[in-house]
Amino acid sequence: MRLLRSTDLALRILMRLAVSTDDTPATRKVAADMDVPYTHAAKVVAELQHLGLVDARRGRGGGLALTERGRTASVGAVVRTFEGDDEVVECEGATPCPLRSDCRLRGALRRAQQAFYETLDPITLDQIVADPTGPVLLGISLRPPGAVEDPVS
């Protein structure tokens, strides 16, 4: 299973905010840190705010902050929200599969999808940013815009 770009970005934004100490970065800064288009980051941030996981304030003194709900959010719930509950394969639709009535693959894939989410459900955001991930995230967010990692180190 491959995550949508918006799901991946949502998780990375949440992780970035989870390690923010006192700063409240703007969406533009987070987008630059993650090397993604601002418009895409803004849409994801809006959804995270709607879900109550992120507090977003405009203007001077504004920025993004993780809410307590966001800090304790289930990774599985976040992924499920962004991915939706659609089936892995399209058996119906414009060109229905001729095997749909007697196929065992559909059920197997559905069970695999449920197992995927159930594996992520007990994991919280706080858990995925624990050491050693947290310090690495802080290093990324403290890099000046446009800076490139030194490949030698």
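**Exercise 1. Which residues of helix H2 (residues 27-34) are buried?**

Solution. First, the conventions: this is a predicted model, in which local features need pLDDT of at least 70 and side-chain atom pairs count only at pLDDT 80 or more, while totals for chains, interfaces and linings use all residues. Residues are numbered from 1 along each chain as its sequence is written, and side-chain values use heavy atoms, with hydrogens and water left out.

Step 1. Helices (H or I, at least four residues) and strands (E, at least two) are DSSP runs, numbered from the N terminus. Buried means under 20% relative accessible area, exposed over 50%, and partly exposed in between (1.4 Å probe, protein chains only).

Step 2. The buried residues of H2 are Thr 27, Val 30, Ala 31, Asp 33 and Met 34.

Step 3. Viewed down the axis of H2, these buried residues fall within an arc of 160°, so they line one face of the helix. The arc is that of the directions from the helix axis to the C-beta atoms. An α-helix has 3.6 residues a turn, so residues three or four places apart point the same way.

**Exercise 2. Describe the backbone and the setting of Asp 35.**

Solution. Step 1. Asp 35 lies in the loop between H2 and helix H3 (38-50), just after H2.

Step 1. Although Asp 35 is not a glycine, its phi is positive, at about 55°. Most residues other than glycine have a negative phi.

Step 2. Asp 35 counts as exposed because its relative accessibility is 72%.

**Exercise 3. Work out the pairing of strands S1 and S2.**

Solution. Step 1. S1 (residues 54-57) and S2 (residues 63-66) pair in the antiparallel sense over four bridges; two strands pair if DSSP finds at least two bridges between them.

Step 1. Val 54 has Leu 66 in S2 as its bridge partner, and Asp 55 stands opposite Ala 65 in S2.

Step 2. The hairpin has five residues between the strands, and in it Gly 59 takes a positive phi near 80°.

**Exercise 4. Summarise the chain and the confidence of its prediction.**

Solution. Step 1. The chain has eight helices and two strands, in the order α-α-α-β-β-α-α-α-α-α along the sequence.

Step 1. Buried residues make up 32% of its 153 residues. Among contacts between residues at least 6 apart in sequence, 68% join residues at least 24 apart.

Step 2. The mean pLDDT (the predictor's confidence in each residue, from 0 to 100) is 83, and 85% of the residues reach 70 or more. Over residues 147-153 the pLDDT is below 50, and this stretch has one contact in the model beyond near neighbours in sequence. Where pLDDT is low, the predicted coordinates should not be read in detail.

How values were computed: Contact = heavy atoms within 4.5 Å.
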